[in-house]
Amino acid sequence: MLSRETLSGGGRVAVVDAQLCTGCLTCVRICPFGVPKIHPSLAGAGNIMGAAYVEAAICQGCGLCAAECPARAIQLAHYTDAQMEAKVTALVEPPADFIPLAGIVEVNS
Ligand code: SF4
Ligand code: SF4
């Protein structure tokens, strides 16, 4: 591993919207891997200096911080609120042109 010039990480990482962060430290305390830090030069909610920052290279993508952030300032890449809402909506209200897998098999056979 150390012989490589670059390392590839997973895409499922926490992303903080600093503008929403109140600096409450919930993510800092709850992350089992100690990843989120309060960055003093980032402007948070109300332009108050000091907002959370997640280093993507070491985030394990567990989503705990995103689930617990009271300001909803953290989204998990590829599992954002909008993406999850779209998936649930598609499950309970499939689009009119949705063809179930069984239908595809019947058409092809
Ligand atoms: S839990 Fe949310 S509001 Fe609190 S410090 Fe972390 S990102 Fe900011
Ligand atoms: S997603 Fe998990 S590992 Fe990554 S910063 Fe949040 S709590 Fe830590």
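Q: Let's start with the strands. In what sense do strand S2 and S3 pair, and over how many bridges?
A: Happy to begin there. This is a predicted model, and in it strand S2, residues 37-43, pairs with S3 in the antiparallel sense over four bridges. To follow the pairing by eye, look for residues that face each other: Ile38 stands opposite Ala52 in S3, and Ala43 stands opposite Met49 in S3.

Q: What do S2 and S3 form, and how many residues lie between them?
A: S2 and S3 form a hairpin, with five residues between them. In the turn, Gly46 has a positive phi of about 70°.

Q: Which residue other than glycine has a positive phi near 80°?
A: That is Leu25, with phi near 80°. You will find Leu25 in the loop between S1 and H1. Leu25 counts as exposed because it has 11 C-beta neighbours inside 10 Å, and the cut-off for exposed is 12 or fewer. Arg72 also has a positive phi without being glycine, near 55°. Arg72 sits in the loop between H2 and S4, and it counts as exposed because it has 10 C-beta neighbours inside 10 Å.

Q: Now the confidence. Where in the protein is it lowest, and where is it highest?
A: Start from the overall figures: the average pLDDT is 90, and 94% of the residues score at least 70. Confidence is lowest in helix H4, residues 101-108, with a mean of 61. Helix H1, residues 26-30, has the highest, at 98.

Q: How many residues does the largest nonpolar core have, and which have the most contacts inside it?
A: The general idea is that, in soluble globular proteins, nonpolar side chains tend to be buried together. Here the largest nonpolar core has 17 residues, and those with the most contacts inside it are Ala14, Val16, Val54, Cys65 and Ile74. The elements giving two or more residues to this core are strand S1 (14-16), strand S3 (49-53), helix H2 (64-68) and strand S4 (74-76).

Q: Which residues is Cys65 in contact with, leaving aside its neighbours within four places in sequence?
A: Cys65 is in contact with Ala14, Cys27, Ile30, Cys31, Pro36 and Ile74. Ala14 and Ile74 are also among the core residues with the most contacts.

Q: Is Val15 exposed, partly exposed or buried?
A: Count the neighbours again. Val15, found in strand S1, counts as partly exposed because it has 14 C-beta neighbours inside 10 Å. Not counting residues up to four places away in sequence, Val15 touches Val54, Ile74, Gln75 and Ala77. For a sense of distance, Val15 and Ser41 are 26 residues apart in sequence and 17 Å apart in space, C-alpha to C-alpha.

Q: Let's finish with the ligands. Which residues come nearest to ligand 1?
A: Ligand 1 has 14 residues around it, and Cys21, Cys24, Thr26, Cys27 and Cys69 come nearest. The shell around ligand 1 divides into 11 nonpolar, three polar and no charged residues.

Q: How many residues surround ligand 2, and which are the closest?
A: Ligand 2 is surrounded by 13 residues, the closest being Cys31, Val35, Cys59, Cys62 and Cys65. The shell around ligand 2 holds 10 nonpolar, three polar and no charged residues. You have met some of these names already: Cys65 is among the core residues with the most contacts, and Cys62 is touched by Pro32.

Technical notes: Residues numbered from 1 in each chain as written. Chains lettered and ligands numbered in written order. Near = placed C-beta within 6 Å. Nonpolar A, V, L, I, M, F, W, Y, C, P; charged D, E, K, R; others polar. pLDDT = per-residue confidence, 0-100. Core = buried A, V, L, I, M, F, W, Y, C linked by C-beta atoms within 7 Å. Buried ≥ 20, exposed ≤ 12 C-beta atoms within 10 Å, placed from the backbone. Contact = placed C-beta atoms within 7 Å. Pairing = 2+ DSSP bridges.
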